[in-house]
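This briefing describes one protein chain for a reader who is new to structures. Look over the sequence and the model before reading on.

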Amino acid sequence: MNGLIMVAQLLLGLSILVILHELGHFLAARAFGIKVEKFYLFFDAWGVKLFSIKRGDVEYGIGWLPLGGYVKIAGMIDESMDKEAMALPPQPWEFRSKPAWQRLIVMLAGIFVNIVVGIFIFWMLTFKFGETFIPNSSVKNGINPGSIGREIGLKQGDHVIAVNGKKVIRFDELTSSKVLLDNTNLTIVRDGKTLDIKVPDNLLNKVADLGLEEFISRTPLLSTVVDTVVAGRSAFKVGMKKGDRIVAVNGVPVKFDADIRRELKKEKNKKLIVEAYRGTEKLNFEVSTDSVGTIGMGFNPNEIKLETINYGFFEALPIGANQAWITFTDNGKGIWKVLTGKIKANKAFAGPVALAQKVYGGVWIWSHFWASTALISIALAFMNLLPIPALDGGHVVFLIVEMIKGKPVSDKFLEGAQMVGFVILLSLMVFVLGNDIFKAFIQ
C-alpha cells in the first residue's frame, strides 16, 4: 500500500508540474500569435496515445510514456524533428518567423512558471502553517550524531553553536543543505571547550547511501526518564511506570534516550535487564524485546520546546520566495560538486524510485505533498535552464547567440545540436533509471 501511495504522489506531483510548465510555453506562444499544434502530458511515442481531443488548431492529449510532456510549436526545431515542415518557407504564425526576443520569452516561460509555482506553494504553506522549529538554545542535551557524523569528529552531546562563524538559531540548520553543500565549518562546545570541525566536501556521497540521520539526527537527545508505557507490551507487563529513570541496559550505562534505543536494538527478540530508579529506589526489570528491538515505552518529546512563527498573507511571501531561492541555489551547488568531482553522479541524481521514496514517502499528508512538489518544481526549473540542447536552456543559449550576432544559428546546426541533446538526455535517463532500479533492488 505504501508503494502505491508513493507512486500516486509522484505521478500527481509531476503531472501538475509538467502541465503547468508546458502551459507556460503554450500561453507565451499564443500571446505572440504562434501556432501551437499539440499539448501533451507524457509522450505519445511512436504515435501511441491514451487520450486525445482536438480543439481549434490544437490537439490536447495524454501519451503512454510518463517521462514529462511537451507542446509542439509550429516552426520550431524540437522533439518532433519535423524536417518536412521546417523545409517549407517560414509562415507568419510560426516560431521561426518571430523576433528573437519573443522566441526567448516563449522558451523561458515554462521555467518561469515552475519558479512561480514553487514560490506560490512555499508562500501558501508558510501562510497556513507558519514556521515551526526547535530553537537551538532549547537543545540542552546536545546533538546525536550518526556514523557519518562520528566519523568526521562529532560526538554525542556536542552543542553546535555556529556554522561558518554564524550563530545557529534553529536546530534544523544543522541538517540543512547549507551544511552539506557549502564548505562548512562547525563550531561546537564539548565539555566546556570550543572546537571547530570541518565538514568534508564529499560528505553527500555517504549521506546518499546511509541517510541524513547518519550525519546528525533531526531529533535532539532526550533524558532517560520514561514518559509513556504501552499497555500490553513488555515494559508494561514487568511494571515499568512513567517517571522511572533508566540508568543501564544489560549492564551498559545509558545517558540519553538514544543510548537506550541503541542497546535495545542490539538484542532483538531477546530478554535483557533494564536498570532504573523510581525516586531513590533502584529497580531491575527483565524485559523482552520485539523483532525491531523495542519494549513498548517512550520518552518525553516535550523536553524539547518548539517555537512557531506565524505570518500574515503578505508577510509569508518573502519567506516562501527565500525558500524557493535556497532550493534553486542548492541545485546549482549540487551540480557544481558533481562537475568538480566532489560528489559522484550516481549519488547526486535521483530517479523516480528515489523521488517517490525520499521526497514524497509512503504516507499521504497534503502539506508534505505540496512541500515536496514545490521542491521538485524549483528543481525542474533549474534543470531546464541548463544549457543542454533539447532542453529549454539549450534553446535560450542559441537565441542569445542570435541576438548578439544579429542573425540566427543555422537550422542544420540546430538539428545536430538537438540530436546531441537527445543523446545526452537519453544517456542521463538510462544512467539515473538504472542506478535507481539497482538501489531499489539491493534494498
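A salt bridge is a side-chain nitrogen of Lys or Arg within 4 Å of a carboxyl oxygen of Asp or Glu. Arg 261 and Asp 257 form one, with their closest N and O atoms 3.5 Å apart. The model is predicted, and a search of the whole structure finds 16 salt bridges.

**The chain as a whole**

- The chain has 443 residues, and 44% of them count as buried.
- Its secondary structure comes to 14 helices and 16 strands.
- Taking contacts between residues at least 6 apart in sequence, 65% join residues at least 24 apart.

**Nonpolar cores**

- In soluble globular proteins, nonpolar side chains tend to be buried together.
- The largest nonpolar core of this chain holds 41 residues. Those that touch the most other members are Leu 154, Phe 215, Met 240, Ile 246 and Met 297.
- Where does this core lie? Domain 1 (136-214) and domain 2 (225-301) both give residues to this core, so it lies between them.
- A second, separate core has 19 residues, including Leu 17, Val 113, Leu 125 and Leu 391.
- Leaving out residues up to four places away in sequence, Phe 215 touches a list of residues that includes Pro 145, Ile 152, Leu 154, Leu 174 and Val 179. Leu 203 and Val 207 are also among the residues that Phe 215 touches.
- Leu 203 and Val 207 are buried residues of helix H6 (residues 203-210), as are Asn 205 and Ala 208.
- Gly 211 follows H6 and has a positive phi, near 100°.

- Trp 46, Val 48, Leu 50, Phe 51, Ile 53, Ile 62 and Trp 64 make a nonpolar surface patch of about 740 Å².
- Which element gives the most to this patch? Strand E2 (residues 49-55) does, with three residues.
- Ile 53 is found in strand E2. Its relative accessibility is 30%, so Ile 53 counts as partly exposed.

- Arg 261 and Asp 257 are four residues apart in helix H8 (residues 257-266), so about one helical turn separates them.
- Arg 262 counts as partly exposed because its relative accessibility is 38%. Glu 263 has a relative accessible area of 8% and is buried.
- Salt bridges that share partners join Arg 262 and Glu 263 with Asp 259 and Lys 266 into one network.

- Arg 233 forms a salt bridge with Asp 290, and the closest N and O atoms are 2.8 Å apart.
- What does this pair tie together? Arg 233 lies in the loop between strand E10 (226-229) and helix H7 (234-237), and Asp 290 lies in the loop between strand E14 (281-288) and strand E15 (297-299), so the pair ties together parts that are 57 residues apart in sequence.
- Arg 233 is partly exposed, with a relative accessible area of 29%. Asp 290 is also partly exposed, with a relative accessible area of 22%.

**Two single residues**

- Glu 275 lies in strand E13 (residues 271-278).
- Buried means under 20% relative accessible area. Glu 275 has 19%, so it is buried.
- Glu 275 and Asp 244 are 31 residues apart in sequence, and their C-alpha atoms are 9.7 Å apart in space.
- Gly 192 lies in the loop between strand E8 (185-190) and strand E9 (193-198). With a relative accessibility of 69%, Gly 192 counts as exposed.
- The C-alpha atoms of Gly 192 and His 159 are separated by 9.8 Å, while the two residues are 33 residues apart along the chain.

Note on methods:
Residues are numbered from 1 along each chain as its sequence is written. This is a predicted model: local features need pLDDT of at least 70, side-chain atom pairs count only at pLDDT 80 or more; totals for chains, interfaces and linings use all residues. Side-chain values use heavy atoms; hydrogens and water are left out. Patches are made of residues with over 30% relative accessible area and no salt bridge: like charges are joined within 9 Å, nonpolar side chains (Val, Leu, Ile, Met, Phe, Trp, Tyr) within 5 Å. Accessible areas come from the Shrake-Rupley method with a 1.4 Å probe; for residues, only the protein chains shown count as cover. Helices (H or I, at least four residues) and strands (E, at least two) are DSSP runs, numbered from the N terminus. Buried means under 20% relative accessible area, exposed over 50%, partly exposed in between (1.4 Å probe, protein chains only). A nonpolar core is a set of buried Ala, Val, Leu, Ile, Met, Phe, Trp, Tyr and Cys residues joined through side-chain atoms within 4.5 Å. Domain bounds come from an automatic or database domain assignment. Contact means heavy atoms within 4.5 Å.
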